[in-house]
Amino acid sequence: MRKHAIAAAVGAVALGVTGVCAGIAPAAQATTEPAAAPKTLVIGVDGAAFDAMAGAAMPNVQALQAGGLTAASNLPGNPMAPTVYGPGWSTIATGVWPDKHGVSDNNFTAPMFAQYPDYLSRIEAAAPARGTAVIGTWGPISTTIFGSGVDLRVQGAGDVDTTARAVAELQRPETDDVFVHLDEVDGDGHASGSSSAAYRDALAVADAQIGQMVAAVQARAGYAAEDWLILVTSDHGHTPGGGHGGATKLERKTYVIAQGAEFAPGTVRHDVRISDIAPTVLAHTGIARDAAWELDGAAVTDLVADDFDALRPQLRTAVNETGPGQLLGWTDVAPAGWEIDNSRMPTGGAPEFRGWTFMTDDFFSNVELGQHRENNVRSRDVFAVADSDEWADVSPRGGNTFDSTLVSPAYELNGAATADVSFVSDYAVDGPQGATVWATFDEESGLPRQKLVEYQADGTRENPVNAIERVAVELPRTAAGALPRTISLQFSYSGNNSAFWVIDQVRFSQPDAPAVPATLTLSAPAVAAGGAVTVTGTGFAAGESLAVELRSTPRSLGALTADASGAFAQELQIPADTAAGEHTLAVLRADGAEVTHALTVTAAVGPGTDPGTDPGTDPGTDPGTDPGTTPGTDGGTAPDVESGQHPDATPAGATNGAKLAVTGGDPAPVALLWSALAAVLVGAGTVLAVRLRRHRVAASRTE
C-alpha cells in the first residue's frame, strides 16, 4: 500500500510539471492520497517447530503465508548458544546473533542490550511519537529483552490474557508497533513432544489467537489508510519426544512468515534469517539503518543474492554423508566465472568435500553435529565450503593434506587507486591448517599477487573468525606508475584432518573513478585564415553538447556533440578574415566551464601571389596609382563622370545580382567591376586579374 502511494505521488509531481508547461492552473491538478501510515505487528510463538506446523490446523498462519513471505531459518548451536528462549528471542528483538548480544542462556547474565538494543527501543529513539507496546506471557520478554523506553510493557497471565491485552492495544488508534509473545505451545512441546497430537492442538490454539490479533488490525477505524506489516516467528523448535536446547534439525529450525506491501503473495525464500526481523520492521517504519549499529540482519527487501545462490537448482543429495539424509544440499560445480583449483588435492576422500564445494546450511551443519558447523549463521542460502575434517573421514585417499583454492572472476578496475572486498567468513581451526585470501592482477600488468587476509594455523576447535570481513585494498602500480586493469580473489585453504573454512557473499566494489580532465588537441599548431583545423576532445560527458568559439574577439565556430565515450573529433573552418596572430580555441560546456587550446592563425594565402603585398597589383588598394580606379579622381578618363555611372554599368534601379559596395556609396566603375569579376574566376591568378583590368581600361580610353 505504501509503495503504491509513493508511486502515485511521483506521478502527481510529473503531472504538475506538465500542467505548468501547458498553462494549466495548479488548481486543476489531480490530488493524490497521502502515504499510508506504517504499522507493525510481530507475533512470536514460543517453541513452534516449523516442520510440525505443516501438519497442524493453522488457517490463519497459512493465510499469512499465502499472502506474503515464508522462509525457514536455522539457529546456531553450542558453543555460541543452545536453542533456548533467551538467545532466540534476543536475536529476534535485536537483529544480532548471540555472540554479539551476549545472551547464551536464560539467565541474562551479561547481556549487551545497551550496545544492541531491541527494535522497539530503536523506534522510540528515532521516532518517540510512535506508539510502541510489548505484551508477553514469558516474563523476561517485557521486563528484560525489550527496554524500558517502550511505551507499554505488559506480562500476560497466560496466552488467553496476553491475546486479549494485545487485541485491546491493537484497537487503539495511536498504536503503531506491537510485539506479542505466546508461550503455551512450548509447554505442550515439553510435555509431549513435537510429534504428538497435543502439540498439534496447541499450535491450532495459537493459530486462533493469531487470527484474533489480525482481525483486530483489520477492524481498526483507520485501517484503510494504514500500511501494516505482520510477522510470525519462533525462538526454537522441539524434538519429537519433547524438549529443546540441542542442535538437531527440529530444535534449530525456526522461520519468518511476513505479510505486507513489501512481499508478493506466496513468496518462498532461502536467504532470510530471524536476525532479519528487527531490521525489516525498522525499514518498514522508515527508520534508516545506521552502520554503527553493526546489525547482523538486514531488511529482507535489501538482501541481494550472490553468485553461489545461483547454484541452488543444481544441488544434489549426499554420496557418503548420512547426516543430511536426502536433502538436495551440495554441488562441486562452481558458479559461472568462478574456478576451483584442485591441482594439489589428493585423490579420494569424501566426494562432498573434495576441495572447495558449495552447500546449504541444512546440509553442511548436519553432516556431523557438535563440531561448530551450526555456528555458520551469517552465511545465507548457498555458500562455499573447504572442510579438511569431513574430507579426511572417508578412505581411501591419495594423501592426507587437503589443499584447494577457490578463484573468483576477474573484476574490472575503473582507475581508482583503491578497492573494497567483503565476504562472510566462518573459520574453525583444529590445527594444523591454513587459510589465506590473495589478490591477483591481470597478467599484462606483471604485478605479483598481494596477500589480503591470513588466518591462524593452530588452535583448539573453535571459531576464531565468524564475521563479515571487510578489506580495503591499496592497488599496486607498475614501475611506470600504471594501475592494473583487473583483480581476482583467491581463497586458499589447506589442512590435515583439521576443521573448515566457509565463505559467502563475496562482494567487490570501488570508489568512483577519478575524474578525467577534459582535454583538447589540434591537428596542427597553426592554420592560415580561411583554412581548416581538426580539434579532438576527450574526457567530456557522454553525449555532451558543446559550443566552439575562436578568440580574441569571440566568434562562433559552431557546435558539436561528444560521443558515448565522451570524445569527439571535428574539423573547424577558420574564418578567412581572421587576423593573423595568436588566438584561443574555446569549447564551452553547459555549466559555463570551458576548455581551451592556443591556436596560431597566419595570413591567408590566395592563389598565386598574395593580394595586398604589392600596392600596385591590387585594384583599389592605392587610388592614386591607377587613374580611373576610383570615381572622381580623373574627370577626363571616363565618360559620364558627372553622373557617376559608366556606360557599361547597370542602369539605376535595375537589378543584376548583388552590388559591390565601395567607399562613398557610388556605383563601381567598370575597371573595378572587371577586376572583381576576374578575382572570382576559378583558377585565375592575381596577375591574370590585373591584366584583364588593364586591358579593359585601355579599351575604354580608345572609345
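Helices (H or I, at least four residues) and strands (E, at least two) are DSSP runs, numbered from the N terminus. By that rule, the protein has 16 helices and 28 strands. This is a predicted model, in which local features need pLDDT of at least 70, side-chain atom pairs count only at pLDDT 80 or more, and totals for chains, interfaces and linings use all residues. Residues are numbered from 1 along each chain as its sequence is written, and side-chain values use heavy atoms, with hydrogens and water left out.

**The whole protein**

- The protein has 703 residues, and 48% of them are buried. Buried means under 20% relative accessible area, exposed means over 50%, and partly exposed lies in between (1.4 Å probe, protein chains only).
- The accessible surface comes to about 31300 Å². Carbon and sulfur atoms account for 55% of that surface. Accessible areas come from the Shrake-Rupley method with a 1.4 Å probe; for residues, only the protein chains shown count as cover.
- Take the contacts between residues at least 6 apart in sequence: 70% of them join residues at least 24 apart. A contact means heavy atoms within 4.5 Å.

**Two cis prolines**

- The peptide bond from asparagine 78 to proline 79 is cis, with omega near 10 degrees. Proline 79 sits in the loop between strand S2 (69–74) and helix H4 (85–94).
- A cis peptide bond also runs from serine 395 to proline 396, with omega near 5 degrees. Proline 396 belongs to the loop between helix H14 (388–392) and strand S13 (402–407).

**An open sheet**

- Six strands form an open sheet, in the order S9-S11-S12-S20-S15-S18. Their pairing is antiparallel. Two strands pair if DSSP finds at least two bridges between them.
- The edge strands are S9 (330–331) and S18 (462–474), and each pairs on one side only.
- S9 pairs with strand S11 (residues 357–360) over two bridges, in the antiparallel sense. Threonine 331 has phenylalanine 358 of S11 as its bridge partner.
- S11 is also joined to strand S12 (residues 382–387), by four bridges, and the two run antiparallel. Here threonine 357 has valine 385 of S12 as its bridge partner.
- Both faces of S11 are covered. Thr357 and Met359 are buried on one side, and Phe358 and Thr360 are buried on the other.

- Arginine 316 lies in the loop between helix H12 (277–284) and S9. Its relative accessibility is 32%, so arginine 316 counts as partly exposed.
- Setting aside residues up to four places away in sequence, arginine 316 touches Leu327, Leu328, Gly329, Trp330, Thr331 and Asp332.
- The side chains of arginine 316 and aspartate 332 make a polar contact (3.2 Å). A polar contact is a pair of N or O atoms within 3.5 Å; within protein, one must be able to donate a hydrogen and the other to accept it, and residues adjacent in sequence count only if both atoms are side-chain atoms.
- Arginine 316 and methionine 359 are 43 residues apart in sequence, and 9.6 Å apart in space, C-alpha to C-alpha.

**Threonine 233, in S6**

- Threonine 233 is part of strand S6 (residues 226–233). Threonine 233 is buried, with a relative accessible area of 0%.
- A polar atom of the threonine 233 side chain lies 2.7 Å from the backbone oxygen of tyrosine 255.
- Beyond residues up to four places away in sequence, threonine 233 touches several others, including Ile43, Trp89, Tyr255 and Ile277.

**A pair of helices**

- Two packed helices are described by the angle between their axes and the distance between the axes.
- Helix H8 (residues 159–171) and helix H10 (residues 197–218) pack at about 10 degrees, with axes 9 Å apart. Axes are lines fitted to C-alpha atoms, for helices over the stretch in contact, and angles run from 0 to 180 degrees between N-to-C directions.
- H8 and H10 are therefore roughly parallel to each other. Angles under 35 degrees count as roughly parallel, over 145 as roughly antiparallel, 65 to 115 as roughly perpendicular and the rest as oblique.

**Two residues with positive phi**

- Phenylalanine 108 is not a glycine, yet it has a positive phi of about 55 degrees. Phenylalanine 108 lies in the loop between helix H5 (98–101) and helix H6 (119–126).
- Glutamine 505 is not a glycine either, and has a positive phi of about 50 degrees. Glutamine 505 lies in strand S20 (residues 500–509).
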